[in-house]
Amino acid sequence: MTYVITSSCVDIKDMSCIEECPVDCIYEGDRKLYIQPKECIDCGACEPVCPVDAIYPDRTLPSESVVDKDENKAFFYDVLPGRDEPLGAPGGSMKVGPLDVDTPRTAELPPNPEAD
C-alpha cells in the first residue's frame, strides 16, 4: 500500500505533508503534490496534516478519486511535458526540488475554487 494525493490538492499545495514526511517522498509539481509510490513507506504521517483531506491510502481512495492513483504514478513513470525522460524514483524530493510540471490531466483541470 502507498498513499496518494488527490486532485483536491490542485492549486493549494499547502506543503504540510512535505514537512511531515520522514522519507522525503512527496514531490512538488506545478499545481499539486505527488507521492512517489516506491519511496513511500506507508507511515501515514502526511494524511492527518493535509488541510484539504487530499491524501488517502491507495486502497481507500473515494470512488471519484481513483483516477488520481494513476495520475500519481504517471507523474513519476511517464515522460512529462518539457522533460526528456521519466522522473522515476530519484531518492527524495530534496534532490530534485520543485518540478514546475504536472501530468497532462492535472495541468488541464480547471482552477480549484478552494485555492486562495
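1. Buried means under 20% relative accessible area. Tyr34, at 0% relative accessibility, therefore counts as buried. The model discussed here is a predicted one.

2. Aromatic pairs come first. The count is 3. One of them joins Tyr27 and Phe76 in an edge-to-face arrangement. Their ring centres are 5.2 Å apart, with 80° between the planes. Tyr27 belongs to strand β2 (residues 26-28) and Phe76 to helix α2 (residues 67-77). The two residues are 49 apart, so the pair links distant parts of the chain.

3. How accessible are these two residues? Tyr27 has 0% relative accessibility and is buried. Phe76 is also at 0% and counts as buried.

4. Next, Tyr34 and Phe75. Their planes lie at 5° and their ring centres 3.8 Å apart, so this pair is stacked. Here, too, distant parts of the chain are linked: Tyr34 sits in strand β3 (residues 33-35), Phe75 in helix α2, and 41 residues separate them. Phe75 is buried, because its relative accessibility is 0%.

5. Which residues make up the aromatic cluster? Tyr27, Tyr34, Phe75 and Phe76 form one cluster. Within this group, Tyr27 pairs edge-to-face with Phe76, while Tyr34 stacks with Phe75.

6. Lys32 lies over the face of its ring, 4.2 Å from the ring centre.

7. Lys32 also turns up in the surroundings of Thr6. Thr6 is located in the loop between β1 (3-5) and α1 (16-20). Is Thr6 buried or exposed? Its relative accessibility is 1%, so Thr6 counts as buried. Neighbours within four places in sequence aside, Thr6 is in contact with Lys32, Ala54, Tyr56, Leu61, Ser65 and Asp68.

8. Finally, the cysteines. How many disulfides are there? The count is 0. Cys9 is in no disulfide: its nearest cysteine sulfur belongs to Cys17, 6.4 Å away. Cys17 is in no disulfide either, and its nearest cysteine sulfur is that of Cys50, at 6.4 Å.

9. Cys9 has 7% relative accessibility and is buried. Cys17, at 6%, counts as buried as well.

Methods:
Residues are numbered from 1 along each chain as its sequence is written. This is a predicted model: local features need pLDDT of at least 70, side-chain atom pairs count only at pLDDT 80 or more; totals for chains, interfaces and linings use all residues. Side-chain values use heavy atoms; hydrogens and water are left out. Rings of Phe, Tyr and Trp (its six-membered ring) pair if their centres lie within 6.5 Å; planes under 30 degrees apart count as stacked, over 60 as edge-to-face and the rest as tilted. Helices (H or I, at least four residues) and strands (E, at least two) are DSSP runs, numbered from the N terminus. Buried means under 20% relative accessible area, exposed over 50%, partly exposed in between (1.4 Å probe, protein chains only). A charge sits over a ring if NZ of Lys or CZ of Arg is within 6 Å of the ring centre and within 35 degrees of the ring normal. Contact means heavy atoms within 4.5 Å. A disulfide is a pair of cysteine sulfur atoms within 2.5 Å.
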